[in-house]
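User: I'd like to zoom in on one part of this model, the place where the two chains meet. Take me through that, then carry on into whatever else is worth a look.

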There are 2 protein chains.
Amino acid sequence: SLAQKKYRVKHQLFLAEGKKAISELLHSSFELHSLFTTQDIYEAEKDKTFFLTEDELKKISRFSTPQTALAVFHIPPPVAASLSGLVLALDEVQDPGNLGTIIRLCDWFGVNDLICSQGTVDCYNPKVVQATMGSIARVNINYMDLEEFLAGAGPDRPVFGAFLEGENVYEATFRQEGILVMGNEANGISPGVSKYINRKLNIPQFGETHQAESLNVATATAVLLSEFRRR
Amino acid sequence: SLAQKKYRVKHQLFLAEGKKAISELLHSSFELHSLFTTQDIYEAEKDKTFFLTEDELKKISRFSTPQTALAVFHIPPPVAASLSGLVLALDEVQDPGNLGTIIRLCDWFGVNDLICSQGTVDCYNPKVVQATMGSIARVNINYMDLEEFLAGAGPDRPVFGAFLEGENVYEATFRQEGILVMGNEANGISPGVSKYINRKLNIPQFGETHQAESLNVATATAVLLSEFRRR
């Protein structure tokens with residue numbers, strides 16, 4: 001049932017599958033609830049470990065190919081975003097793989113706080129957890145009304161967003177401080193949120209044809225975070 | 001059967017699903033074989049269009065949620081890579097979503113030639129086609145033995161690759177010419193291919209913890225192509 005958000009919210013628990021993802025989370029600040037495994041490969045708390053046969057594990061797994069383990073962790077209590085330095089905000093990102101990749105990018109580029117609009121896919125969705133490769137334990141994620149958040153951030157704070165008509169990001173000057181907003185896969189940044197963007201940036205297109213319509217939201221985030229950090 | 005590589009190779013045909021992907025391909029140099037649709041939304045050649053009910057379309061679709069159309073296109077005959085400018089080479093990239101995203105990046109950043117090792121996932125896999133958002137028609141893709149290709153590229157040609165011990169990419173100087181090699185999701189660049197890398201580059205990690213193990217191959221490609229093009 002933890003594959004569904006309503007049960008994750010009710011029990012305040014989430015699922016992690018795969019040897020690597022589980023190892024990373026066992027070594028993080030996240031608290032283990034229970035571990036189901038076919039092999040004694042973890043040095044986790046023994047009283048929370050249950051040994052299963054491969055067939056039993058397959059029955060509770062989301063994967064058709066057998067994994068060696070499945071773990072249940074407690075969802076950590078929320079920690080307020082600090083808002084210093086560079087903060088990333090997501091406006092209705094829908095694809096779990098994209099959100100997971102973006103959380104991994106935050107971890108790599110040292111972005112501590114990620115703000116997600118209420119309609120962004122849940123970060124404890126098993127596909128998101130999988131795609132973060134353990135980074136979910138090192139990024140502070142808060143879900144909130146994005147317009148309210150931006151309204152409260154103060155008029156002096158730079159709010160960046162990617163727009164086709166924006167300034168060439170390679171030529172723009174900016175400090176490594178502010179809020180970078182990334183939009184929905186199909187519709188970009190919503191009109192309500194756009195009002196708060198005071199620094200529009202554009203990743204230029206290269207080559208002869210210029211027919212590519214857009215970049216994927218995770219790769220655009222990669223380019224923009226790289227541009228902030230290299231300065 | 002076109003979801004399987006052996007039948008794609010046998011018939012020299014591939015599948016595309018989804019309104020947007022099909023529209024992009026209909027306006028490309030790719031030749032339509034047949035189009036199956038529930039609605040008369042395309043102005044494609046009428047003699048290749050077959051109208052189906054939603055139930056019929058659902059039966060031949062890979063998706064559980066009904067799509068409006070499914071198209072079959074001819075796989076274009078191979079065009080030799082030109083090797084001028086910047087060429088991207090992939091060493092055993094396995095995930096269809098990653099390959100599709102990388103093809104889309106090539107289109108955006110004006111990389112005309114993509115070389116894939118024989119073990120890289122097939123670019124006409126339906127999930128790859130979907131993830132390219134039409135960019136597959138604008139990037140010339142060749143599958144070949146990557147070591148042979150690099151051996152034949154000549155010793156004077158710069159061959160770039162991402163390595164943890166490489167030079168900081170933000171500080172490195174290089175021309176927009178050469179071959180950039182990206183490696184497998186789990187194992188990176190293979191030892192046989194590594195021999196040919198004469199310019200090792202590193203995307204530095206930021207923040208306090210430095211615990212993120214790596215970047216996803218598509219986001220690392222995004223950062224590196226951006227670094228080539230901004231210069």
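Across the interface of chain A and chain B, how many residue pairs are in polar contact?

Analyst: The rule finds ten residue pairs in polar contact across the interface of chain A and chain B, with both residues at pLDDT 80 or more. A polar contact here is a pair of N or O atoms within 3.5 Å; within protein, one has to be able to donate a hydrogen and the other to accept it, and residues adjacent in sequence count only if both atoms are side-chain atoms.

A bit of housekeeping before the rest. This is a predicted model, with local features needing pLDDT of at least 70 and side-chain atom pairs pLDDT 80 or more, while totals for chains, interfaces and linings use all residues. Residues are numbered from 1 along each chain as its sequence is written, chains are lettered from A and ligands numbered from 1 in the order in which they are written, and side-chain values use heavy atoms, with hydrogens and water left out.

Back to the interface. The number of salt bridges between chain A and chain B is zero, a salt bridge being a side-chain nitrogen of Lys or Arg within 4 Å of a carboxyl oxygen of Asp or Glu. In terms of contact (heavy atoms within 4.5 Å), 31 residues of chain A meet 32 residues of chain B. Together the two chains bury about 3000 Å², with 60% of it on carbon and sulfur atoms. Three residues, Arg104(A), Trp108(A) and Phe206(A), supply 25% of the area that chain A buries against chain B, more than any other three. That buried area is the accessible area (1.4 Å probe) that two parts lose on being put together, summed over both.

Which elements of chain A supply these residues? Helix 2 (19-26), helix 4 (96-108) and helix 8 (217-230) of chain A each bring at least two residues to the side that touches chain B. Helix 8 of chain A gives the most, with eight residues. Sorted by class, that side of chain A has twelve nonpolar, ten polar and nine charged residues. In this sorting, Ala, Val, Leu, Ile, Met, Phe, Trp, Tyr, Cys and Pro are nonpolar, Asp, Glu, Lys and Arg are charged, and the others, Gly among them, are polar. Helices (H or I, at least four residues) and strands (E, at least two) are DSSP runs numbered from the N terminus.

The same surface serves both copies, as 100% of the contact residues of chain A recur in chain B.

Thr132(A) is buried, at 0% relative accessible area; buried means under 20%, exposed over 50%, and partly exposed in between (1.4 Å probe, protein chains only). The Thr132(A) side chain reaches the backbone oxygen of Val129(A) at 2.9 Å. Beyond its neighbours within four places in sequence, Thr132(A) is in contact with Gly100(A), Ile103(A) and Arg104(A).

In chain B, Met133(B) lies in the loop between helix 5 (126-132) and strand 7 (140-144). Its phi is near 55 degrees, a positive value in a residue other than glycine, and Met133(B) is partly exposed at 29%.

Arg138(A) pairs with Asp107(A), their closest N and O atoms being 2.8 Å apart. Arg138(A) is in the loop between helix 5 and strand 7 (140-144) of chain A and Asp107(A) is in helix 4, so the pair ties together parts 31 residues apart in sequence. Asp107(A) is buried, with a relative accessible area of 5%.

Chain B has one between Glu165(B) and Lys200(B), at 3.4 Å between the closest N and O atoms. Glu165(B) belongs to strand 8 (residues 159-168) and Lys200(B) to strand 10 of chain B, so this pair ties together parts 35 residues apart in sequence. Glu165(B) is exposed at 57%, whereas Lys200(B) is partly exposed at 32%. Back in chain A, salt bridges that share partners join Glu24(A), Asp107(A) and Arg138(A) into one network.
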